[in-house]
Amino acid sequence: MSTPLLEIRDVSTFYGAVEALKGVSVTVAPGEIVTLIGANGAGKSTLLMTICGDPRARSGRICFDGQDITERPTHHIMRSGIAQSPEGRRIFPRMSVHENLLMGAQSSGIDPCPGLDQAFTLFPRLKEREAQRAGTLSGGEQQMLAIARALMSRPRLLLLDEPSLGLAPLVSRQIFQAIRKLNMETGLTVLLVEQNANQALRLAHRGYVLVTGRITMSGTGRELLARPDVRDAYLGGH
Amino acid sequence: MAYALQQLINGVSLGMIYGLIAIGYTMVYGIIGMINFAHGDIFMIGAFLSLIGLLLITSGGLLDGPGAIVLVLALSMAFTALYGWTVERLAYRPLRGSFRLAPLISAIGMSIVLQNYVQVSQGARVKPIEPVVQGGFTIMQEGTFAVQLSTMQILIILTTLVILAIFTWLVTRTRLGRAMRACEQDRKMASLLGIDTDRTISITFVIGAALAAVAGTMYLLRYGVIDFYIGFLVGVKAFTAAVLGGIGSLPGAVLGGLLIGLIETFWSAYFSVQYKDVAAFSILILTLVFMPTGLLGRAEVEKV
């Protein structure tokens with residue numbers, strides 16, 4: 001395996017006195033799609049946020065592209081080639097779709113035009129809604145916007161938090177297809193958090209299972225899909 | 001009729017001053033969700049800096065008339081902005097992430113500090129100045145009553161409109177404005193997009209203070225007397241304007257300022273000068289009770 005793009009080593013994160021992550025280690029190689037599956041409250045979103053420095057890891061190391069980013073302020077981390085489409089989508093509701101997308105490219109200082117073109121090719125629905133206030137979009141459209149906004153900074157690593165949450169199966173399939181397409185065409189590296197383990201493990205090259213703040217299993221998507229204990233716990237037992 | 005027209009002119013020029021200060025309250029509330037109770041005193045600092053600048057410039061015989069005013073305005077805006085930045089840095093930033101009331105208490109403390117600082121360093125007596133801008137026009141004559149539009153009032157209204165136009169452009173059309181709106185709508189997400197939110201908040205305070213300095217300069221030139229305590233009453237009225245317009249809404253702050261200026265002026269003209277403050281603050285109470293989101297504010301409920 002080549003040198004990892006992202007290396008999380010033995011990271012622990014606390015919310016007050018509660019230890020949400022207990023010595024988690026995860027690596028993601030360039031060009032990989034890695035998924036993190038686990039039940040509600042297992043710490044999946046916390047891990048993605050910890051990578052971004054909010055909350056900060058209390059112990060352990062996070063390296064991106066060979067650089068230690070554990071102690072860097074969030075906005076520095078997000079300018080170094082990482083982007084996140086976070087839990088709850090968090091689009092700016094009182095800005096237009098267009099402005100939301102511009103926000104994605106704002107701090108990297110790159111020309112937003114190619115990014116806008118890419119976003120509209122990937123999600124033509126956003127083109128139709130370009131001038132509309134983002135708060136008035138449907139859930140699926142907001143999800144597309146959140147992903148498209150994250151891609152505006154041309155990241156090397158995309159952190160995706162539950163892109164299928166609350167979406168109709170058809171829309172969620174569209175979004176998964178878009179992720180696969182991006183990965184194949186541009187070599188985008190993706191760390192994907194999902195409750196929909198079946199879909200996520202089919203898409204991903206590798207996966208990790210997170211249980212109450214600890215990694216309990218890891219392997220290729222196929223391996224994990226085949227394991228009876230994973231099936232029982234996360235795939236509804238069949 | 002002529003009398004009412006005169007009140008309209010007076011009310012609008014007073015309202016512009018309130019509006020400029022109200023923007024500072026509403027912007028800071030929008031971005032960090034606190035009422036900056038020291039903002040009225042920032043306005044007072046702006047007025048004092050203008051006074052000092054004006055005395056230095058005119059007594060030095062460097063400039064007078066419009067040139068002096070422009071220079072004084074620029075100096076006052078720059079130095080008041082520095083005060084605004086410092087206040088945020090010292091009194092609010094260390095409390096970010098603390099409980100909600102902490103920065104509010106700190107703001108009240110900062111307000112007292114600024115008042116006492118000016119009282120001690122500049123003296124407690126009122127400071128009068130000679131009128132700098134004189135003259136005006138009689139735009140209507142009705143019997144013995146002449147409707148006056150003074151050059152100073154024209155200056156206040158024009159300056160405010162120009163500043164507001166620049167400010168509106170800044171907020172709606174520039175990258176900085178977009179970053180400010182992003183921080184206002186979701187600060188955590190803004191930082192996830194690489195925005196330096198602390199810096200954006202600092203800039204918000206700087207802009208708010210600069211606008212308050214404009215108001216302070218206008219107040220000084222129009223009324224000709226200031227003291228260390230003006231920030232309290234004017235500040236609370238501008239706060240009322242921000243609440244009436246809908247706290248968090250920038251056009252609302254200007255609209256609220258104009259309305260409070262007009263209400264106060266008309267009340268003084270037709271009812272009682274002594275009770276003009278009561279009129280303004282009754283509006284605050286009525287708004288809070290019956291229309292807490294204000295005229296242009298939005299309800300907190302949002303589609304998730």
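Start with the contact between the two chains: select chain A and chain B, and find the 17 residues of chain B that are in contact with 22 residues of chain A. Two residues are in contact if their C-beta atoms, placed from the backbone, lie within 7 Å. This is a predicted model, in which local features need pLDDT of at least 70 and side-chain atom pairs count only at pLDDT 80 or more, while totals for chains, interfaces and linings use all residues. Residues are numbered from 1 along each chain as its sequence is written, and chains are lettered from A and ligands numbered from 1 in the order in which they are written.

Stay on this side of chain B. The elements that give two or more residues to the side touching chain A are α6 (175-185) and α7 (187-192) of chain B. α6(B) gives the most, with 6 residues. Helices (H or I, at least four residues) and strands (E, at least two) are DSSP runs, numbered from the N terminus. By class, the side of chain B that touches chain A has 8 charged, 6 nonpolar and 3 polar residues. Here Ala, Val, Leu, Ile, Met, Phe, Trp, Tyr, Cys and Pro count as nonpolar, Asp, Glu, Lys and Arg as charged, and the others, Gly among them, as polar.

Next, colour by confidence. pLDDT is the predictor's confidence in each residue, from 0 to 100. Chain B averages 92, and 97% of the residues score at least 70. For the complex, the predictor gives an ipTM of 0.93 and a pTM of 0.91.

Now select Ala148(A), Ile17(B), Ile21(B), Leu211(B), Val214(B) and Ala215(B), the residues with the most contacts inside the largest nonpolar core, which has 160 residues. A nonpolar core is a set of buried Ala, Val, Leu, Ile, Met, Phe, Trp, Tyr and Cys residues joined through C-beta atoms within 7 Å. Buried means that 20 or more other C-beta atoms lie within 10 Å of a residue's own; exposed means 12 or fewer, and partly exposed is in between, with C-beta atoms placed from the backbone. Helix α8 (residues 197-223) of chain B supplies the largest share of this core, 15 residues. Zoom in on Ala148(A): not counting residues up to four places away in sequence, this residue touches Leu101(A), Ala119(A), Leu122(A), Phe123(A) and Leu126(A).

Move to strand β7(A), where 5 of 5 residues are buried. Leu157(A), Leu159(A) and Asp161(A) point one way from the strand, and Leu158(A) and Leu160(A) the other way. β6(A) pairs with β7(A) in the parallel sense over 4 bridges; two strands pair if DSSP finds at least two bridges between them. In this pairing, Ile82(A) has Leu157(A) as bridge partner. β7(A) also pairs in the parallel sense with strand β8 (residues 189-194) of chain A, over 5 bridges. There, Leu159(A) stands opposite Leu191(A).

Most residues other than glycine have a negative phi, and most peptide bonds are trans.

- Select Arg89(A), in the loop between β6 (82-85) and α3 (97-106). Its phi is positive, about 70 degrees. Arg89(A) counts as buried because it has 24 C-beta neighbours inside 10 Å.
- Select Arg154(A), in the loop between α6 (139-151) and β7 (157-161). Its phi is positive, about 50 degrees. With 16 C-beta neighbours inside 10 Å, Arg154(A) counts as partly exposed.
- Select Pro55(A), in the loop between α1 (44-51) and β4 (59-64). The peptide bond from Asp54(A) to Pro55(A) is cis, with omega near 5 degrees.
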